[in-house]
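Q: I am new to this structure and would like a short tour of it. Could we go through it topic by topic?

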Amino acid sequence: MMNCELLATCSALGYLEGETYHKEPDCLESVKDLIRYLRHEDDSRDIRQQLGAAQILQNDLLPIITQHGQDKPLFDACIRLMVNLTQPALLCFGKIPDDPAFRHHFLQVVSYLQAYKEAFANEKVFTVLSETLYNLLQLDWEQRQEEDNLLIERILLLVRNVLHVPADPYEEKNVDDDASVHDKLLWAIHMSGMDDLLKFLASAQSEQQWSMHVLEVISLMFREQTPELLVRAGQVRSAQEKQKDSNELEALRQKELAEKHSRTMQRGTRHSRFRGSYVVQGLKSISEKDVIFHQGLHNFKNYSHDAGKATRRVPKRKQVAQDTKSQRRSVLNVRLFLREFCADFLDNCYNRLMYLVKESLIREHAQQHDETYYLWALSFFMAFNRGNGCKAELVSETLSVRTFHFIEKNITNYYEMMLTDKKEATSWSRRMHLALKAYQELLLTVNEMDRSKDENIRQSASVIKSNIFYLMEYREIFLTLLRKFDEKMQPRSFLQDLVESTHLFLRMLERFCKGRSNLLVQKKKVKRKKQKKKSSSHTENTPEVLEETWTIVSQELRTSGFELSNALTEGVVPFDAASEIPVAEQRTEAMIRIQDALFARTGPEALGLLRAAREVWPEGDVFGSAEVQPEEELELLKQILFAELPRPAHTEATMDEDEEVEELEEEELESVRVSETEFNFLDFIKRFANPSIIRPYLLLLRSYASNTPHTNHCIVRMLHRVAVDLKMDALLFQLSVFYLFNKVLTDPAAAVYKELVTFAKYILNRFFALATRNNKAFIELLFWKNVGAVREMTEGYRKEGEDGMKKVKWTPEEEEELRQLYEEHKDSGVPDIVETLLPLLMNTNRTRRQVVTQMVSMGLVDSVKDLKKEKKGTCIVLWTEDQEQELQMLFEEYKDSDDVLGNILKRLTAKRSRARVVDKILSLGLVSERRDLYKKRRRNAPGKSTGMSEEDFFASVSGAPEENTMDRDEEEDDDLEEDKDDSEEERDVVRPAQGKKGRRRESAVERNVNVGGVVQDLRREGLSGPVLWLQNCLNRAADDREEDGVSHPMPLVPLTEENEDAMENKSFKRLLHKIGIRPPADEQESFWRIPATMSIYQLRTMASSLNPPEESEVGGEGESESGVAVNLEAEQQDEGSDGQELRAQAIRALLLSRQRKRSSADKKSDAGAGIDRKTSVKRNRVLDSDDERDDDSPPKMNVDTEHQDGSGEEAHSAPAKRRRQRVLSDDEDEED
């Protein structure tokens, strides 16, 4: 029942009186209302169904456009409405609904679309559309408005939608050579001249934007047509075709006579009521007695235990894929029109249109899956051209190696998506079938060119063949498709085309190899990196060697007087500042480094490491006390040398500098090795001697009766190559194969399949000859065999222990242990249970292969495939939109780290290989070159590899400002005055300046120190209000991100005049830069923004650093102490930032200790006041002017007391207080 509002709207359109349609005054508004209703329809498409039931399109819209076409606004609105009404049901519902109710709605919409299609099969309608389209195309580009382009596109879409409507086989029930609705529609298109306009759009230089629409319409026009039928339309059949048809007819007649004779011979001589009952001896029934057969003896061959049983229902996921493509022969006049259309299209449009479509596909300007129209057009029109004289120049655009590559890439893509997208596997299978048909047609055309009378064409074919035979991808595509064939997802027609394409390819390759003594082809070999286990050097050190080592080391240290060079004193860092392991947990590694130095007999280096480690980890006197004597250090080194330290199982192999720089490129080059090798056709055929490839051929051979003679010939030829040419006939000794051969030999029409019968007899004779020599041959029939098993079956079985394959014996105790471990861990959910069990076995010498083999033999698992080791990075190829977003987020998070790619690989949800991740990062435009992703490594002292001195590095780590700080600030001021166009470049210049010096993130403590001075200057300039506004913005952003759980860039919008003036102030802009606020990126942005990458704790830390000095003092503590405590407490809320701060603290401690030694030495050698002043200035900068409060602070700087205090805030600030106490005590020593 129609909605009352909808009914009123439809009534306001007008009415049809006889052949004349009278429109109402509100007709245009009513059409617009209907468009608005369709925009707001529900999931069941109720508006669409009500309009279809009321036949609005047939009774109102079509008469309006045919009789009132001069009313342009009304005509445009009606075209819009009809485009919406005729859009495919799949687009309306997204997919075929599974719910029965929605499935009913879907079928109802399809039925209305079929009624629309029948209504459009009218010459008047298409005449109006053609005239309108012709008038629009007559306009020049200068005269054509945007509304004209929209109307052109809508007319093409309307034609596309009408042609796309599927036929209704239950309603039409047409036979061949009868006019269907689709044929009537095509004839209306032809009579109206629309086909000529389509050819014009496909060939015109100025109308190339409609190329994809035109190709889509043409592909739908030729639906249900075959190029072979169109080529022969209207032509007199040749004598060869007549003879072929008569032979097929005679074969069918002979087959029918043979079946009739067989049925006659099966009839018994007695009346059917006296057929009797028989006891079948040796065949047991349900009970222990023999089977009683109540039929005639002539029917006993058809006896089966399954007779009378209910057919077992096959699950939907295991059902064989069905062919959905239907073909029929249209009426002769339609076929003649389509034949003429194809000939004109090839002469004038094909090359240009296919070029434009290919460019749009490569540049990704087309919609998703539009490449299927390109593949269809390639296979259809090239097949038509091949049958219509094979003029190579007409299809030259698609006759190239680039086209082979494009199709091969799409086949690979479709197969991978068929495996990953299980729900749409059938659709991906159909697309792969289209690509295979296109590949097959390319091969057929090249093969036809090879037989041309023109020498130039034969030479071109030879060049194409040499290219496709040279490259490995084109040679092995058929091997891969045969090996991966799955009848549950790929229909029988796909297998038929695959077998015929393989036969053609092998025949072309065999002919190409003849007459060429040495044919070189490309060969790719995948090499996987294997981790080399390097045994640690200390495992080879005996007590005698250790004693000798210690003698040499101790003598060297005593000779030098325990004095170390400046390089060892200043350049040794006992921990890895870039490591993810916290500094507190690196003490063991430092001990191992000292031991390794002693093993290498480099005593001074070991002593330097010991002293540096003592300064970093003074607690517990692990590396000796602060007042340790040289002899005590010597004894400590001896203990370390003879100690058995826990070492990691696999030590990372050291690499040369060049290898480190090219680490990523080396991995990619080593993964695939490309070389040239001499091609041998027989060796290539050997790759087909595999059960996984033979099985699809035998699967297709089961339907030998319905196959074409050419298909059966292709199957028998491949089996002949394997059985006769390779002498691998035993590969076909399988029970299902023999069952099929028996079916062929007993077929009444076996004479029709002479080639197949001859081959079957040959295989059976070979088997029975082998059975006389091998009494196990009949048992072998039950199994598929690989090449090794075939050799054993024909040449004799191996005895135990031969060929070095010694069987590993397992004792009953070991088997029971393995069984118990497997039962314990099988439900634990570990990804690889074998790797879990290997270290738990008593016998640690067992290999993975041995354990897997034993588990299969004990029956713990069904097959070795259940325990197959997962290969990382090879299962997933395509990237979904969510995975791309995840990759972008990870890149933004770790783009400033030393190992960007390593951090991304660790945290990716879907694991992939390094090469695939690098390719995706490059394609997304996140980096411009691969070298931007190389791992940044440090040598000896951090910072040396970046071209900076150690003093500069430690100065940057300690937070000490450099001498050119003011210069850099002035440069920043100059940069801020530049245009907004250079803002992106500005950020790229300012930030790497810090990265080159430290290659690290600035900690919150150091940033607060740097920000404090700028904030004080701003407050002196009277900008306290804007600073407070900025602080509130930071706090508000932190609160919003904490509530929402999502981070978005937040613009800083100044609403007051004071804030607007501050945003123009150079000093205020410098403050924004220092706290990490991002300037406008381009002309489209007007405001500075808080980046989405800033975490909540960073926002609050920056906000707290903007507090005035009087608010930051707590309990008499200094400003720097309070800032450090607050910032440390905020940083400890995040593990990653905490680890960085601890590393920075450890480096500062090492720096301050060395500064203390250096200053004392300088004091003795030089009494000048300038050096002392410079050192005190540096120390003042490190302490952030803490020396000014020395009189107040020392009584409160007892580290032990602060540690005993239970206050959480004091506990957080303890490391900062401990540093400050050490420097203050140093100041007191200098004053004394």
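Q: To begin, what share of the protein chain is buried?
A: Buried residues account for 42% of the 1232 residues in the protein chain. Please keep in mind that this is a predicted model.

Q: And how much area does the chain expose?
A: The protein chain exposes about 69300 Å², and carbon and sulfur atoms supply 49% of that area.

Q: How many helices and strands are there in the chain?
A: The secondary structure of the protein chain comprises 57 helices and eight strands.

Q: What about contacts in the chain between residues at least 6 apart in sequence: what share joins residues at least 24 apart?
A: Of those contacts, 73% join residues at least 24 apart.

Q: Let us turn to the strands. How do β1 and β2 run, parallel or antiparallel?
A: Strand β1 (residues 14-17) and strand β2 (residues 20-23) run antiparallel, and four bridges join them. Within this pairing, Tyr15 stands opposite His22 in β2.

Q: Which residue in that hairpin takes a positive phi?
A: That residue is Gly18, with a phi near 65°; the hairpin of β1 and β2 has two residues between the strands.

Q: How many residues connect β3 to β4 in their hairpin?
A: Five residues connect β3 to β4 there. Strand β3 covers residues 278-284 and strand β4 residues 290-293; the two run antiparallel and are joined by four bridges. Lys284 stands opposite Asp290 in β4.

Q: New topic: how many salt bridges are found in the whole structure?
A: A search of the whole structure finds 29 salt bridges. As background, side chains of opposite charge can pair when their charged atoms come close.

Q: Which residue forms a salt bridge with Arg687?
A: Arg687 forms a salt bridge with Glu476, and their closest N and O atoms are 2.1 Å apart. The pair links distant parts of the chain, 211 residues apart: Arg687 is in the loop between α31 (681-686) and α32 (691-701), while Glu476 is in helix α22 (residues 472-483).

Q: Are those two buried or exposed?
A: Glu476 is buried, because its relative accessible area is 17%. Arg687 has 36% relative accessibility and therefore counts as partly exposed.

Q: Which residue pairs with Asp729 in a salt bridge?
A: Asp729 forms a salt bridge with Arg766, the closest N and O atoms being 2.5 Å apart. This pair also links distant parts of the chain: Asp729 is in the loop between α33 (709-725) and α34 (735-745), and Arg766 is in helix α35 (residues 754-771), 37 residues away. Asp729 is buried, with a relative accessible area of 5%, whereas Arg766 is partly exposed at 42%.

Q: What about Arg1100: where is its partner?
A: The salt-bridge partner of Arg1100 is Glu1042, and the closest N and O atoms are 2.5 Å apart. Arg1100 lies in helix α51 (residues 1096-1105) and Glu1042 in helix α48 (residues 1024-1044), so the pair ties together parts that are 58 residues apart in sequence. Arg1100 is partly exposed, with a relative accessible area of 33%. Glu1042 is partly exposed as well, at 48%.

Q: Which residues are linked in a network of salt bridges?
A: Glu41, Arg45 and Arg48 are linked in such a network.

Q: Now the rings. How many aromatic pairs does the structure hold?
A: The structure holds 31 aromatic pairs. In one of them, the ring centres of Phe485 and Phe494 are 6.4 Å apart and the planes lie at 5°, so this pair is stacked. Phe485 and Phe494 are both buried.

Q: Which rings are linked into a cluster?
A: Ring pairs link Phe222, Phe341, Phe345, Tyr350, Trp376, Phe380 and Phe381 into a cluster.

Q: Finally, which residues make the nonpolar surface patch of about 410 Å²?
A: Leu735, Ile779, Leu782 and Phe783 make that patch. Ile779 lies in helix α36 (residues 777-780).

Q: Why does Ile779 count as exposed?
A: Ile779 counts as exposed because its relative accessibility is 51%, and the cut-off for exposed is over 50%.

Notes:
Residues are numbered from 1 along each chain as its sequence is written. This is a predicted model: local features need pLDDT of at least 70, side-chain atom pairs count only at pLDDT 80 or more; totals for chains, interfaces and linings use all residues. Side-chain values use heavy atoms; hydrogens and water are left out. Patches are made of residues with over 30% relative accessible area and no salt bridge: like charges are joined within 9 Å, nonpolar side chains (Val, Leu, Ile, Met, Phe, Trp, Tyr) within 5 Å. Accessible areas come from the Shrake-Rupley method with a 1.4 Å probe; for residues, only the protein chains shown count as cover. A salt bridge is a side-chain nitrogen of Lys or Arg within 4 Å of a carboxyl oxygen of Asp or Glu. Buried means under 20% relative accessible area, exposed over 50%, partly exposed in between (1.4 Å probe, protein chains only). Two strands pair if DSSP finds at least two bridges between them. Contact means heavy atoms within 4.5 Å. Rings of Phe, Tyr and Trp (its six-membered ring) pair if their centres lie within 6.5 Å; planes under 30 degrees apart count as stacked, over 60 as edge-to-face and the rest as tilted.
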